[in-house]
Amino acid sequence: MKAPSRYPISVSLLHWLLAIALIGNLVIGWLLDDREGLLALHKSIGIAILALALIRLTNRLRVRDQLPPSVNKTGTAAYFIEGMVHRLLYVLMLAAPLLGWLKTNAAGHAASFFGLFSLPALLSKNRELSHWLGDLHAMAAYGLAALVGLHLLGALAHRLLKGQNIVPRILPLPRRPLPKARRLAD
Ligand code: HEM
Ligand code: HEM
């Protein structure tokens, strides 16, 4: 059977939904120092990201036999780097919100989702731990931002160095051209 040339639509949709949410929440995170009022929004979007990232990972395992082969040749440095960057992106898109949740609990607050419900408290109040978890949360978030930068450089390198546009591989487009609309009888 011919190998697929595009990611399944479920993978593409979750990729772009999470790309928007993650980049948005990184920006909100950077603005937190000046605008305290954004913290509740930041936590709520972060909780949604945690749920979506878990769904994304489960879905990726479900469709693992339908994924297109890498654009890089097996065994090359590019192949290895691509695999590492993708794996680390998954690790950090889960670790960053988890650490934010833990930091919030250690600071003595509940991780609330738009005031509708709160995640269970995993830790009791502990000032020292709260500072430490805050630092780890920031490190995970900045690590994620750096990896997204590398990920974009990878896509750009394919474009500029190899003349390959790989973006359509991950666009949620129909799998095959739609059949021509039947002409109505004159
Ligand atoms: C992937 C999702 C998330 C990203 C990308 C993210 C990113 C960030 C960033 C960039 C900062 C500023 C760090 C700094 O410069 O010190 C920050 C701060 C913070 N985030 Fe998140 N965050 C996410 C999820 C969450 C979640 C789920 C929670 C809690 C439920 C949370 C709670 C906080 C808190 C309390 C701060 C202030 C930390 C402090 O004052 O030390 N974040 N976040
Ligand atoms: C927070 C932002 C992003 C994250 C976390 C992310 C993560 C990922 C991951 C993990 C994959 C591997 C497929 C999978 O397992 O789902 C992937 C594929 C891909 N991403 Fe992103 N991505 C982000 C943003 C972007 C943006 C802005 C672009 C625009 C150029 C992009 C272009 C691609 C392409 C072209 C692929 C397919 C690579 C291939 O040919 O196999 N991504 N992304």
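**Surroundings of the two ligands in a predicted model**

In the shell around ligand 2, α1 provides the largest share, six residues. The model is predicted: local features need pLDDT of at least 70, side-chain atom pairs count only at pLDDT 80 or more, and totals for chains, interfaces and linings use all residues. Residues are numbered from 1 along each chain as its sequence is written, while chains are lettered from A and ligands numbered from 1 in the order in which they are written.

Ligand 2 is surrounded by 21 residues, of which A19, L22, A155, I166 and I170 are the closest; a residue counts as near if its C-beta atom, placed from the backbone, lies within 6 Å of the molecule. At least two residues each are supplied by α1 (9-31), α3 (77-106) and α4 (127-162). Helices (H or I, at least four residues) and strands (E, at least two) are DSSP runs, numbered from the N terminus. This shell comprises 15 nonpolar, four polar and two charged residues; Ala, Val, Leu, Ile, Met, Phe, Trp, Tyr, Cys and Pro count as nonpolar, Asp, Glu, Lys and Arg as charged, and the others, Gly among them, as polar.

Around ligand 1 there are 24 residues, with G29, G46, G100, G134 and A141 coming nearest. Two or more residues are given to this shell by each of α1, α2 (39-62), α3 and α4, and α3 gives the most, seven. The shell around ligand 1 consists of 14 nonpolar, eight polar and two charged residues.

The protein chain has a mean pLDDT of 93, and 93% of its residues reach 70 or more; pLDDT is the predictor's confidence in each residue, from 0 to 100.
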